[in-house]
Each structure stands twice: as structure tokens, then as C-alpha cells.
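Subject: Structure handover and notes on aromatic contacts

Dear colleague,

Please find below the structure I am handing over to you. I would be grateful if you could read the notes that follow alongside it.

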Amino acid sequence: GELPDNPSGDAGDPVLARDEVTGTIYFATLTNTLGPIEVFRSFNNGNSFTAPVVATPGKTGFQDKPWMTVDNFPGTGQGNVYVTATDFSGVSGIYFFRSTNQGTSYGPSGGTLIDPSSGVQGSWITVGPNHTVYVFYFDGSAAPQTIKMRRSFDFGATFTPAVTVATLNTTAVGGNLGLTRDNASAETFRSNAFPQVVVNPVNGHLYMTYNNDPAGADKANVYFTSSTDGGVNWSTPVRVNDDSTTNDQWQPTIAVT
């Protein structure tokens, strides 16, 4: 299938989520107008999609780096759709939106502010088996740069204060690692230190992976940290790659069964 034509178009940064009960597939994307984030829905496993719904109502400037998830755990909150995006329109910060009617509409208008800093982006949402909503994000607004988390116990209506999950060595915008085509080349390409997080569906433990610039000549390694108390405390990060070279390891992803 393909996304239907619409005046705003679709311009990248796609994010997919699935409602495991209804089978609805949600597809979020930037727009050609660099305005609000749009979400398309498919009720037939991606063979066709509906016209988009604005997932960031009340936002008119450039909204970037969206993320999205569906609460697939039984009980109150099941089927809720949660969306975050970074506002680069001059009203800086990461904003949170939710749908409690299977993606028919989203709110609140203007979003719930997660962090107002100008250096935050790369948000990531996940949901625990007790319906706790976790929003992780990169914070480059001050040194040292960090990965932070806020959580909600009321389906995204309010959030607890931010917790620092990991402290980074990288100092560039977005956690850029300064990677090049090869060690002798000046041909750089973009990278970031944004987190990816999954929740153990049985006990609610949180597992996060990210890349960072370690000390010394090595530019990029992949790290893992976990929390067994709902994100209050986090384990000392462990380097995942075990090489002793200066080869670059970056852009990790993570899954849990």
C-alpha cells in the first residue's frame, strides 16, 4: 500500500505502531509544509491507509522527530495512542499528545510540555504493563549532555519530574559523534545519541540502548542500561560491542520478547 495524497504531503521521519487488539496500523510522518505531525491509519495490514489525522493539534510551526506507540496491555488505557514531537518553530521543546479514541483525534491542543529546552530532541515513548507512559529524550541544552526520562501514571495527562538516565561524553548538536567515511577522511555524516527503550512485558523492567563517544580516539560505542524500579534508578551503562579497535559502532536498536 501507499499513503493517500493530501495537501500537506508526507516528508519522512516515518514511525510505525500497531494496536495488537484491533490490528490497526498507525503511520506518523513529517509533512511537506513542515507543520503538524500527521498520522495515517490502516485497517487492512497496510494495504491501504486512511486520510491523515493531525496528531499535534495547536502546533503550526516546524514539528520534527516524532515518535509514537500504542498501549497494548489489557485494562484501562489499552488502545491509547501516544505521540511526541520536537517543536523547532521558535517555541522550543518536546511536546506530548495522545488519542483515547483509536486515533480519531489527538489532544490536548498545543500539547503537554515535556521539556522546554532548546537543545532537546530525539524523543522516544514506551508503555509498561501497568500502563505507565515513559518519554525518553536527548538533552543537549547544557553540558554534560544527557538522556532523560519522564513518566506518567495517568495515561499521559501529567508527568513526573525528569530523571537523568545516562550522561554522555559527546558534545555536538544532537549528540553527533563526528563520524567520517574512514579514519583518514574529512567526509562527515550525521549521527546522534538518541535513545531507544523497550519494556519487559512481564515485569515492567526497562531496557535502553544508545551510542556515545567514549574517551580516547574511539568515536562511537554502543551502550546498554536497565531499570528494575520503573525508571527511578538505572544500572551502570555497559558497553555492548567488545572490540578493542577504534571502529565505530552506532545507531543501535533494541527489542524484547
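The notes below concern aromatic rings and their surroundings.

Please bear in mind that this is a predicted model. A search of the whole structure finds eleven aromatic pairs. One of these joins Y82 and F96: their ring centres lie 5.6 Å apart and the planes meet at 25°, so the pair counts as stacked. The cut-off that matters here is that planes under 30 degrees apart are classed as stacked. Y82 belongs to strand 6 (residues 81-87) and F96 to strand 7 (residues 93-99), so this contact ties together parts that are 14 residues apart in sequence.

F96 also takes part in an aromatic pair with F159. This pair is edge-to-face, with 5.0 Å from centre to centre and 75° between the planes. It links distant parts of the chain, since F159 lies in the loop between strand 11 (146-152) and strand 12 (163-167), 63 residues from F96 in strand 7. Through such ring pairs, Y82, F96 and F159 are linked into a cluster.

Finally, a contact of another kind involves Y95: the charged end of K59 sits over the ring of Y95, 3.2 Å from its centre.

With kind regards

Note on methods:
Residues numbered from 1 in each chain as written. Predicted model: local features only at pLDDT ≥ 70, side-chain atom pairs only at ≥ 80, totals over all residues. Heavy atoms only, no water. Phe/Tyr/Trp six-rings, centres within 6.5 Å; stacked < 30°, edge-to-face > 60°. Helix = DSSP H or I, 4+ residues; strand = E, 2+ residues; numbered from the N terminus. Lys NZ or Arg CZ within 6 Å of the ring centre and 35° of its normal.
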